Amino acid sequence: MTIDITSSGASRESHKHPLYCVVFSTYIYVGHFEKTSGTGVGEEENNKRKINGDNLITQESIHDKKQFSATAEREVIYIDDGTCEHYHEVKETVPTNQPENDDMIFTGVVDKATTDEKGATSSGGIMSSFDYYHMATCGGNYLTLYQVKVPDQKNSSDRRGICISTCHNSISTSTNNICEEESEDFMVRQVYKDIDEEENYFTCIFAGRSGMHNPNVHFESHDDENDSLGPQLCCVGGKRGLIKVIDTVKQSLIFTLVGHTDELYDMKRCPVNEWLLLSASNDETIRLWNLKYPSQIAIFAGHQGHREAVLSVDWHPFGKYFASSGMDGTIRLWSVEEPTLQNAIKESFKSSLLPEETLSYFKTVYDQMPFWITSKMHTDYVDCIAFVGDLILSKSTTNIVSLWKPIFSHSGETRSIESNSMSSKSSKDKLVHLLDYSVPDCGQWYIRFGVDSDCNLLAVGNCIGDIRVWEIGGGKKPNIVFNAMCSSIVRMTAFSPDGQIMVAVCDDSTVWKYHVS
């Protein structure tokens, strides 16, 4: 398979903190834009937008604000426990290659202007629609939400060049005039700032669903049971060990999950139940949370748990067990099929539905016994782990990403996972080592790789700004993405759900977007 990777967009976040995490939403949203035939909006309307800060459109303001154009003003939503307040930050305008009145105006709804049967609007433009993902990055005390357009299959082969923009300003360096289109392709939607200046966010994830359904926000969902709910919630955590859950429709912090006693390094949403969330921490624990009825279901730590910080977790695709890795150099597999834990999960979903007078204290379950442990794969920190079907990819600070398969006991995986007997929970570490991927200049810890949803591609950055992309199982020779404009540590790479977009975040606050074909 030939992998073609081209740069298609970039952003430098103005807070200048290192960016540690980037994640995509799993749903596709639908947006609309009007392409006008004249010089665009008038100066009076443009100035009005600058005052109102309409360059940042949020889930709830799509219908109210109707449209926006690029200006130098950006709305920042300040996070505090229980409330979010809105402030406008005005930065110095940076000259751009685009005209002052841009002819590409984004609108959130088609009813901005009347349209004829050919799609023309009363203002002389043509109304079109496009699909996009939400993408989140975090670093320092900031969480930034982007809109990333789903690539058009027909035009994907023609996309070349690079467009650079910032959260507060816009700079163009395109070679093939793609910047006129990039306003919808890759743009900031919301910025959240924690009022705690000492907070440093290391990980974020989309999970659960907003309880507030906005009819003006359209997205594709195959979940009939929760079809009346809104888009996914965004969870973020870091230095303080708190998991802050943000509703991007309400633009507010809706609750905080308290339990970890040290830094938070990773979070993963359950693949079969979007309300279940795993978190990994420097306090040597992994915790399972319910986001629908906020509660701490289980703590995985203790007798045979990790002896140092837990750096990474990932669910098996069927959601029956998960893997964890950490600074102790071990990889452990934990079951969530134990009867006690299954009962706790069920109770967590119904306890908050009981009448208030009958509510009882929810008792968290403790699991000290992973059903499988190994220290054979790596000799140093294991800072990233991911399932590839039944296989596992793991990365250490020794410049290696390894592909391998755990081998379970005589009675197979079923006995180890479903039985609650101590005898079946062994610490056997049998495995089959399949392949090593070499990643030069990757000795810094907390550099995380990305795997596409079809488990075809593996991408990982290094300490000098390069990114290597492999076809999983297809050989050891990578496609190397050299970026002359980036020389800092690439902290994390991620693929969009359709695998057509790859994004990397770096220590110099930059976000790099690539088209993959």
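Is arginine 332 buried or partly exposed, and what is its relative accessible area? In this predicted model, arginine 332 is buried, with a relative accessible area of 7%. The legends below start with the whole chain and then move to close-ups.

**Figure 1. The whole chain has 5 helices and 37 strands.** Of its 517 residues, 59% count as buried. The chain exposes about 21,100 Å², and carbon and sulfur atoms supply 49% of that area. Among contacts between residues at least 6 apart in sequence, 65% join residues at least 24 apart.

**Figure 2. Phenylalanine 300 sits in the largest nonpolar core.** This core has 69 residues, and Met135, Leu143, Ile243, Leu288, Leu291 and Phe300 touch the most other members. Leaving aside residues up to four places away in sequence, phenylalanine 300 touches a set of residues including Leu278, Ile286, Leu288, Phe322, Trp334, Val336 and Leu341. Glu284, Thr285, Ser335 and Asp367 are also among the residues that phenylalanine 300 touches. As background, nonpolar side chains tend to be buried together in soluble globular proteins.

**Figure 3. Arginine 240 and aspartate 196 form a salt bridge.** Their closest N and O atoms are 2.7 Å apart. Arginine 240 lies in the loop between strands E15 and E16, and aspartate 196 in the loop between strands E12 and E13, so the pair ties together parts that are 44 residues apart in sequence. Both ends are partly exposed: arginine 240 has a relative accessible area of 37%, and aspartate 196 has 26%.

**Figure 4. Lysine 244 reaches aspartate 194 through a side-chain polar contact of 2.8 Å.** Lysine 244 is found in strand E16, which covers residues 243-247. At 6% relative accessibility, lysine 244 counts as buried, because the cut-off for buried is under 20%.

**Figure 5. Asp266, Lys268, Asp314 and Arg448 are linked in a network of salt bridges.** Within it, aspartate 266 pairs with lysine 268, with the closest N and O atoms 3.7 Å apart. Aspartate 266 counts as buried, at 4% relative accessibility. The count for the model comes to 13 salt bridges.

**Figure 6. Arginine 332 forms a salt bridge with aspartate 328.** The closest N and O atoms of this pair are 3.5 Å apart. This view returns to the opening question, with arginine 332 buried at a relative accessible area of 7%.

**Figure 7. Ile407, Val432 and Leu434 form a nonpolar patch on the surface.** Together they have about 210 Å² of accessible area. Valine 432 has its place in strand E30, residues 431-438. Valine 432 is partly exposed, with a relative accessible area of 37%.

Notes. Residues numbered from 1 in each chain as written. Predicted model: local features only at pLDDT ≥ 70, side-chain atom pairs only at ≥ 80, totals over all residues. Heavy atoms only, no water. Patch = residues over 30% accessible without salt bridge, like charges linked within 9 Å, V, L, I, M, F, W, Y side chains within 5 Å. Areas by Shrake-Rupley, 256 points an atom, 1.4 Å probe, with all protein chains shown as cover. Salt bridge = Lys/Arg side-chain N within 4 Å of Asp/Glu carboxyl O. Helix = DSSP H or I, 4+ residues; strand = E, 2+ residues; numbered from the N terminus. Buried < 20%, exposed > 50% of the residue type's maximum accessible area, 1.4 Å probe, protein only. Polar contact = N/O pair within 3.5 Å; in protein donor to acceptor, adjacent residues only side chain to side chain. Core = buried A, V, L, I, M, F, W, Y, C linked by side-chain atoms within 4.5 Å. Contact = heavy atoms within 4.5 Å.
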